[in-house]
Amino acid sequence: MSCGAVNGSKVGSYPAVNKKILIIHGDRKARRMLTFLLADAGFDIRGCGKPSEATTFLRQELLDLVLVDQETRAREKADVIEAVKAAQPTVPILLLAADPTLPLIIGAIRIGVSEIVDKPDDLKEVFEKVHGLTSPGGAIGEAASGEELKAALGAIGDHAPKEEA
């Protein structure tokens with residue numbers, strides 16, 4: 001099983017402590033980057049490379065947010081978003097989809113996606129969407145402070161996976 005867990009340490013005044021996020025992303029490097037970014041902000045992170053592996057976490061732990069990579073989702077026969085919503089109907093879902101088409105956006109919203117990030121490599125946008133979806137009241141658009149973002153992105157530099165030769 002390629003799932004893992006990382007408990008974060010709180011950065012600044014960001015209220016992320018005890019918020020559990022499941023990241024479902026087939027690209028190990030991208031999943032690690034997201035894990036380091038969000039764990040450093042204080043989130044309790046679970047990461048899986050395959051949607052089928054995520055079902056264990058969905059049955060055992062109450063989550064505050066699920067991040068799903070569209071490319072990973074597209075490779076699976078069963079839709080992971082539908083599985084998430086079946087297990088935890090109220091959990092917000094953030095879909096990472098590079099250049100999403102209109103049918104993809106409409107279909108994702110219909111099955112319960114809360115937000116879509118159309119530039120998944122833009123860590124600032126991902127961080128701000130996560131912040132908005134996990135803040136009290138789920139205030140989308142409520143930006144994290146520059147200091148919080150700078151601290152979280154700085155942590156990635158310390159922990160970023162090295163390029164494999």
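Reader: What pattern does the protein follow, read along the sequence?

Author: Keep in mind that this is a predicted model. Along the sequence, the protein runs β-β-α-β-α-β-α-α-β-α-β-α-α. Its secondary structure comes to 7 helices and 6 strands.

Reader: How much of the protein counts as buried?

Author: Of its 165 residues, 46% count as buried. As for the surface, the protein exposes about 8,400 Å², and carbon and sulfur atoms supply 52% of that.

Reader: Why is leucine 22 called buried?

Author: The cut-off for buried is under 20% relative accessible area. Leucine 22 has 0%, so it is buried. You'll find leucine 22 in strand E2.

Reader: What does leucine 22 touch, not counting residues up to four places away in sequence?

Author: Quite a list! Among them are Arg46, Gly47, Cys48, Ala54, Phe57, Leu58 and Val66. Take leucine 58: it sits 36 residues from leucine 22 in sequence, and their C-alpha atoms are 8.7 Å apart in space.

Reader: What share of the contacts in the protein with a separation of 6 or more comes from residues 24 or more positions apart?

Author: Such residues account for 67% of those contacts.

Reader: Why is glutamate 61 called buried?

Author: Try the cut-off again: buried means under 20%. Glutamate 61 comes in at 17% relative accessibility, so it counts as buried. Glutamate 61 lies in the loop between H2 and strand E4 (65-69). Leaving aside neighbours within four places in sequence, it is in contact with Lys20, Arg46 and Gln88.

Reader: And what makes phenylalanine 43 buried?

Author: Its relative accessible area is 0%, and anything under 20% is called buried, so phenylalanine 43 qualifies. Phenylalanine 43 is found in the loop between H1 and E3. Its C-alpha atom is separated by 6.1 Å from that of lysine 20, a residue 23 positions away along the chain.

Reader: Which residues of helix H2 are buried?

Author: In H2, which covers residues 51-60, they are Pro51, Glu53, Ala54, Phe57 and Leu58.

Reader: How do you know that the buried residues of H2 line one face of the helix?

Author: Look down the axis of H2: the buried residues fall within an arc of 155°, so they line one face. There's a general rule behind this kind of pattern. An α-helix has 3.6 residues a turn, so residues three or four places apart point the same way. On the other side of H2, Arg59 and Gln60 are exposed. For that word, the relative accessible area has to be over 50%.

Reader: What do the buried residues of H2 pack against?

Author: They pack against strand E2 (20-24), strand E3 (44-48), H3 and helix H4 (80-87).

Reader: What volume does the largest pocket have?

Author: About 390 Å³. Of the 19 residues that line this pocket, the closest to its centre are His25, Ala30, Asp69, Pro120 and Asp121. Helix H1 (28-40) and helix H3 (70-75) are the elements that give two or more residues to the lining.

Reader: Which element gives the largest share of that lining?

Author: That's H3, with 4 residues.

Reader: How many nonpolar, polar and charged residues does the lining of the largest pocket have?

Author: By class, there are 8 nonpolar, 4 polar and 7 charged residues in the lining.

How values were computed. Residues numbered from 1 in each chain as written. Predicted model: local features only at pLDDT ≥ 70, side-chain atom pairs only at ≥ 80, totals over all residues. Heavy atoms only, no water. 1 Å grid on protein atoms, 1.4 Å probe; cavity = no way out; pocket = protein on both sides within 12 Å on 5 of 7 lines; lining within 4 Å. Points joined across faces, edges and corners; volume = space filled by probe spheres on them. Nonpolar A, V, L, I, M, F, W, Y, C, P; charged D, E, K, R; others polar. Buried < 20%, exposed > 50% of the residue type's maximum accessible area, 1.4 Å probe, protein only. Arc of directions from axis to C-beta. Contact = heavy atoms within 4.5 Å. Areas by Shrake-Rupley, 256 points an atom, 1.4 Å probe, with all protein chains shown as cover.
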